[in-house]
Amino acid sequence: MDTIGQLKSQVIREVEATSSLQELEEVRVKALGKKGHLTLLMKDLGQKTPEERKTLGAELNVLKDALTQALDLKKVKLETETINAKLGKETLDITLPPRPDQKGIVHPLSHALDEVIRIFGQMGFVVAEGPDIEEDFFNFTALNFPPEHPARQEHDTFYMPPSPDGQPLLLRTHTSPVQIRTMTAGEPPIRIISTGRTYRSDYDATHSPMFHQIEVLVVDTKTHMGHLKGCIEEFCRLFFEDPNLKLRFRPGFFPFTEPSAEVDIMWKDGKWLEILGCGMVHPNVLRNCNIDPDKYQGFAVGMGLDRVTMLKYGIDDLRLFYETDLRWLNHYGFTPEARG
Ligand code: DAH
């Protein structure tokens, strides 16, 4: 057998016998490396006659190609085997339980608030806003609370250091200052609701130092108590989802309304429950806002959001709203699906 044929079959056998890339590399070096068998044969060509060199050279080139191809094929095969073995060992364990789905829950107060805004929105009201840190002027004075009036004390006010220009400041005790801000900023007709945080130094099962109010204000020509009554009835029946809900208007007192009333609703157990204060905007308040009381009249309503939310969802302690207890929230809160 000729050297070339022998070398070929020997190297091919060795290539086939390898079982790792390292072994294959050794075979390659032995045949094609600097001192490899084939390399040496090629170097030997220099010693041959031109005739021999021509035929032998061509044969050696064919052999080199054949060996290179065999080595390359085996290399790809071994690489694929290595990857497959790795993949077999490193599979992803999809049997692990998924992480718990973290779904947000809407607080009952937020849910009720959205409902209130939706109902008044349908009646044509727009939302107005005012600051939590309020000037004494907007919270009391402009609302017709005389300077030493006892109603100021009844509000259990949190006072703040005065503003740089010397204005007495406080945490607003009700949302009524937004009435003044709205009337001083624009012209009638006015039809706003305002909701937000309010503050009084008070704490028990039905009072929290921070709570929420809803303020309603309408100012227009020819506004009268019939409008006030109709608006409140419509709202209460929609909010409490009872078209036959009974309401009772009792005379009341607020410095900023005249006449004033307090409104009770007949609850399921047959008891009257007070839910809001209201009245016709006092002419002094209109004057304080440069609105002519002979031309315009208005009505206003103030309601505790916490209280109506407790009633609607059967929550008996107001403090639960603010305890951020997730178990409670999961029970009383609303999922996005439930909100429709
Ligand atoms: N601001 C009053 C309070 O917090 C509630 C209130 C009563 C608001 C009558 C009104 C109203 O707008 O007309 O006690």
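**View 1. The second largest pocket of the predicted model has a volume of about 200 Å³.** Its lining is made up of 13 residues, and those nearest the pocket centre are Arg191, Val218, Thr223, His227 and Phe299. Strand 5 (190–199), strand 6 and helix 9 each give two or more residues to this lining, with strand 6 giving the most, three residues. By class, seven lining residues are nonpolar, three polar and three charged.

**View 2. The largest pocket has a volume of about 1100 Å³.** It is lined by 45 residues, of which Arg200, Phe211, Gln213, Glu274 and Gly304 are the closest to its centre. Elements that give two or more residues to the lining include helix 7 (150–154), strand 7 (247–254), strand 10 and helix 11. Strand 9 provides the largest share, seven residues. The lining comprises 21 nonpolar, 15 polar and nine charged residues.

**View 3. Helix 11 (residues 305–313) is mostly covered, with seven of its nine residues buried.** These are Leu305, Asp306, Val308, Thr309, Met310, Leu311 and Lys312. Gly314, just after the helix, has a positive phi of about 65°.

**View 4. Helix 1 (residues 3–17) packs with helix 4 (residues 50–89) at an angle of about 5°, their axes 10 Å apart.** The two helices are therefore roughly parallel. Among the contacting residues are Ile4, Leu7, Val11 and Val15 in helix 1 and Leu56, Leu60, Leu63 and Leu67 in helix 4. The contact has 12 nonpolar, no polar and four charged residues.

Notes
Residues are numbered from 1 along each chain as its sequence is written. This is a predicted model: local features need pLDDT of at least 70, side-chain atom pairs count only at pLDDT 80 or more; totals for chains, interfaces and linings use all residues. Side-chain values use heavy atoms; hydrogens and water are left out. Buried means under 20% relative accessible area, exposed over 50%, partly exposed in between (1.4 Å probe, protein chains only). Helices (H or I, at least four residues) and strands (E, at least two) are DSSP runs, numbered from the N terminus. Axes are lines fitted to C-alpha atoms, for helices over the stretch in contact, and angles run from 0 to 180 degrees between N-to-C directions. Angles under 35 degrees count as roughly parallel, over 145 as roughly antiparallel, 65 to 115 as roughly perpendicular and the rest as oblique. Contact means heavy atoms within 4.5 Å. Ala, Val, Leu, Ile, Met, Phe, Trp, Tyr, Cys and Pro count as nonpolar, Asp, Glu, Lys and Arg as charged, and the others, Gly among them, as polar. On a 1 Å grid over the protein atoms alone, a cavity is a set of points where a 1.4 Å probe fits but cannot get out, and a pocket is an open set with protein on both sides within 12 Å along at least five of seven lines; lining residues have an atom within 4 Å of a point. Grid points are joined across faces, edges and corners, and a volume is the space filled by probe spheres set on the points.
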